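Good morning, colleagues. Please look at the model as I speak.

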Amino acid sequence: MKGRVLIVAGSDSGGGAGIQADIKAVSALNGYAMTAIAALTAQNTTGVYGVVPVDPAFVALQMKVVLEDIGADAVKIGMLANAAVIEAVVGEYEARAVNVPLVVDPVMIAKSGHFLLEPDAVLTLRKRLLPLAEIVTPNLPEAEALTDIPVKTLNDMRRAAELIRTFGPKAVLLKGGHLEDDRLSDLLLTEDGEVVFESARVHTPHTHGTGCTLASAIATGIAQGMTVRDAVACARAYVEQAILTAPGLGHGHGPLNHLHTVKPFP
């Protein structure tokens, strides 16, 4: 089966982001989702109320047993919580999956503003994980944390993406959702140059898990043999429809409709 995606990320008890969103997105796009859970969170649409990191050795063990038995066509990294977990994940990836495309979503801050990555782990992420990535998918606050560059315009996005590429990833998708333009611009920078993807901004509070979902959709496309550019284009279209058909759940930033591609039971 082509399209095996190993997801290493945190769990979201509300089901809208993290491992839960990742599994839904990969499955909806006809991939096969496997997981190594790196952190537990108590959260819903209104915020994050607690985070418990998983023991780094156990995160690595989850990766090891899956990779040895089932294998993977892509590995997607999400929330890793701290430097020790990052080191464990890097070690296992280098040992068993170093030729498997790696999609890194550098999860640092939740929609609610809650920090999901310990501050001292940002440097570890930059030095140890990003050089291994096929593509890294930061939003603007994450790009600012990685580069120390304020990102307020498309030209700022170009500067930040160029700097992030010097950290080692083959491609950078810098997501422009935090800009205030009516058009949504995402910047993809690869060795072949840049592509700016534009679409109409959807004004809605129901965007919880957008970053997780987009990265997992990209990983699924890559796992199924797409180029990075095509995987990004298809993932953006999938996420846009998931936002437009969001179920409207919760009292805060509600989840997407991950399963809009799936025909319901009669």
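**Charged pairs in the model**

Arg 96 is partly exposed, at a relative accessible area of 37%; here buried means under 20% relative accessible area, exposed over 50%, and partly exposed in between, with a 1.4 Å probe and protein chains only. This is a predicted model, in which local features need pLDDT of at least 70 and side-chain atom pairs count only at pLDDT 80 or more, while totals for chains, interfaces and linings use all residues. Residues are numbered from 1 along each chain as its sequence is written, and side-chain values use heavy atoms, with hydrogens and water left out.

Which residue meets Arg 96 in a salt bridge? The partner is Glu 92, at 2.2 Å from N to O; a salt bridge is a side-chain nitrogen of Lys or Arg within 4 Å of a carboxyl oxygen of Asp or Glu. Glu 92 is buried, with a relative accessible area of 10%. Both Arg 96 and Glu 92 belong to a network of salt bridges that also links Lys 64 and Glu 68.

By this rule there are 12 salt bridges. One of them joins Arg 4 to Asp 73, with the closest N and O atoms 2.9 Å apart. Arg 4 is partly exposed at 22%, whereas Asp 73 is buried at 11% relative accessibility.

I close with Lys 152 and Glu 144, whose side chains meet in a salt bridge of 3.9 Å, N to O. Lys 152 is exposed, at 60% relative accessibility, and Glu 144 is partly exposed, at 24%.
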